[in-house]
Amino acid sequence: MPTDLDAHLDQPGRDDAIREVRSKIDESGVRYIYFQFVSVTGRIMGKGAPTAHWERFANKGFQLVYGSTANLFIDRHGEYIGYGAEACELIGLPDVETFQVLPWDPKTARVFCTLFRGREEPEEPGAFLTSDCRGNLKRLHAEFEQRTGLHLKVGTEPEMMWLKKNADGTPSVEGMTKPYCYHIDQFSELQPLIHRVMEYSEAMGLDMIQGDHEDAPGQLELNWQFDRAELTADRLTTYRQICKQVGREFDVYPCFMPKPFMGVSANGCHHNMSLWEQDTNVFLPDGEDQRMPSKIGLAAIGGVLEHLSALTCITSPTVNSYRRLWDTGFWAPLYADWGYQNRTTALRVSAPDRFEYRSVDSAVNPYLSFASLIAAMSDGIERNLDPGPPEERNIYHAMAEGKEVKKIPMTLGDALEALRADEVVRSALPGDMYRVFEHYKRDEWERYCATVTEWDVKEYLDILP
């Protein structure tokens with residue numbers, strides 16, 4: 001019986017596609033290729049190889065330790081996260097259609113890869129490696145589409161901050177511009193940098209559509225057109241890679257940390273989502289109220305609200321993420337409710353054809369978040385979960401008037417417990433994925449709890465007598 005690895009190699013047209021890439025290599029003069037995948041935290045990992053060996057890597061792949069899917073990091077007890085030193089090596093095989101030349105280095109290209117267990121392993125040889133978050137999203141989305149006839153399209157709002165550098169080259173916690181939201185003059189200060197980001201983004205297939213200066217120092221949001229979930233996830237990953245390169249060229253620091261400053265807005269990454277049946281958006285209103293999503297749309301919203309606590313662990317995935325929730329007055333979505341154009345709730349119907357999931361920040365791994373949201377919406381549709389009426393009041397005013405609303409977890413530790421208790425969201429982290437994610441994030445939370453911070457020293461150094 002053919003393995004998953006064999007099926008990947010035997011995809012119709014793959015051999016022709018490999019030959020087409022060879023033609024591109026020869027015509028463009030590319031000399032080197034990054035064979036890359038994405039780790040549990042969204043880092044870009046992989047290996048590089050000269051293009052002379054393209055065909056060998058395309059057919060046999062590269063090998064790397066399993067622990068690379070968890071950044072090959074060690075936990076606070078000295079153990080490798082996810083997989084020990086005795087673990088086997090994965091095989092990474094290119095998704096040939098993702099081959100692209102890097103516009104800032106025309107001699108170098110990159111190609112995304114799908115990860116597999118080794119052919120010689122005693123258990124599940126050649127099977128998909130389940131700690132491959134990118135591969136998981138593709139498979140979970142395909143299964144959802146086969147089962148329901150629906151697929152998820154997503155647009156993201158990737159806020160990030162451009163910071164100055166210190167004299168020694170390290171990043172400072174100082175933005176390049178003033179915190180004036182939508183201010184064209186502040187936008188103009190960053191325009192040379194924006195032009196470069198746009199140039200590289202468009203060269204790598206991102207259909208850039210708009211941008212603005214947000215309300216934190218050096219904070220930009222540049223948007224591209226929405227698309228299928230797996231394509232949007234790849235493009236967000238590519239965008240981050242582009243920003244890192246542009247930072248090197250302009251000697252500034254692109255910061256995707258959710259909350260580097262208090263007293264101003266954090267870096268969010270709102271997900272604007274819709275479900276489609278072929279070319280038809282099934283979220284579109286099907287009743288008299290043209291603001292009200294369809295029955296499928298309402299059930300999908302109900303599913304997200306039902307599983308919001310566990311989803312928060314995936315979409316606000318760092319200790320620092322929760323600083324965003326505690327810094328009041330900046331529209332951080334703390335409550336499991338929804339409404340039309342209501343920025344105080346976790347979900348907002350931003351237009352009749354989509355809704356905006358707001359409890360997500362710039363550190364998100366989009367492959368995990370999209371897969372988890374598919375699971376939550378699928379559960380909502382299957383169970384026909386009612387999200388209740390839309391809340392049109394400011395949620396804080398509504399609560400003052402007596403409304404009871406569930407609050408999302410306010411620390412990474414609480415969010416980890418919510419994820420552990422939620423079988424539906426955990427199903428979007430199949431096989432080893434949940435174990436690796438939980439190990440990584442549990443260690444992150446414990447390391448934070450075991451650290452004496454500057455706040456501790458200021459608060460308690462002279463506590464007695």
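This report walks through the overall build, the core, the ring contacts and one hairpin of the structure above.

Keep in mind that this is a predicted model, so to speak a computed one: local features need pLDDT of at least 70, side-chain atom pairs count only at pLDDT 80 or more, and totals for chains, interfaces and linings use all residues. Residues are numbered from 1 along each chain as its sequence is written, and side-chain values use heavy atoms, with hydrogens and water left out.

**Overall build**

Let's start with the big picture. The protein has 16 helices and 17 strands; these are DSSP runs numbered from the N terminus, with helices (H or I) of at least four residues and strands (E) of at least two. Its radius of gyration is 23 Å, close to the 23 Å that the globule rule gives for 465 residues, so the protein is as compact as a globular protein of that length. That radius is taken over C-alpha atoms, and the rule is 2.2 Å times the number of residues to the power 0.38. The C-alpha trace spans about 65 × 60 × 50 Å along its principal axes.

Of the 465 residues, 55% count as buried. Buried means under 20% relative accessible area, exposed means over 50%, and partly exposed is in between (1.4 Å probe, protein chains only). As for contacts (heavy atoms within 4.5 Å), residues 24 or more positions apart account for 72% of those with a separation of 6 or more.

**The core**

In soluble globular proteins, nonpolar side chains tend to be buried together. A nonpolar core here is a set of buried Ala, Val, Leu, Ile, Met, Phe, Trp, Tyr and Cys residues joined through side-chain atoms within 4.5 Å. The largest one has 116 residues, and Trp-54 and Met-377 have the most contacts inside it. Helix H11 (residues 366-383) gives this core its largest share, nine residues. A second, separate core has six residues, including Leu-163, Cys-255, Phe-261 and Val-264.

Who touches Trp-54? Leaving aside neighbours within four places in sequence, its contacts include Ile-18, Val-21, Arg-22, Phe-35 and Pro-94. Trp-54 also belongs to a cluster that ring pairs link together, with Phe-35, Phe-57 and Phe-99.

Thr-238, in helix H7 (residues 229-250), counts as buried at 2% relative accessibility. Not counting residues up to four places away, Thr-238 touches Arg-110, Phe-112, Met-204 and Leu-206.

**Rings**

There are 16 aromatic pairs in the structure. Rings of Phe, Tyr and Trp (its six-membered ring) pair if their centres lie within 6.5 Å; planes under 30 degrees apart count as stacked, over 60 as edge-to-face and the rest as tilted. Here are two of the pairs:

| Pair | Type | Centre to centre | Between planes |
|---|---|---|---|
| Phe-37 and Phe-62 | stacked | 6.3 Å | 15 degrees |
| Trp-455 and Tyr-460 | edge-to-face | 5.5 Å | 85 degrees |

Phe-37 in strand S1 (residues 32-38) and Phe-62 in strand S3 (residues 62-65) are 25 residues apart, and both are buried. Tyr-460, by contrast, is partly exposed, with a relative accessible area of 40%.

**A hairpin**

S1 also pairs with strand S2 (residues 44-50), in the antiparallel sense over seven bridges; strands pair if DSSP finds at least two bridges between them. Tyr-32 stands opposite Pro-50 in S2. The hairpin has five residues between its strands, and Gly-42 takes a positive phi near 95 degrees there.
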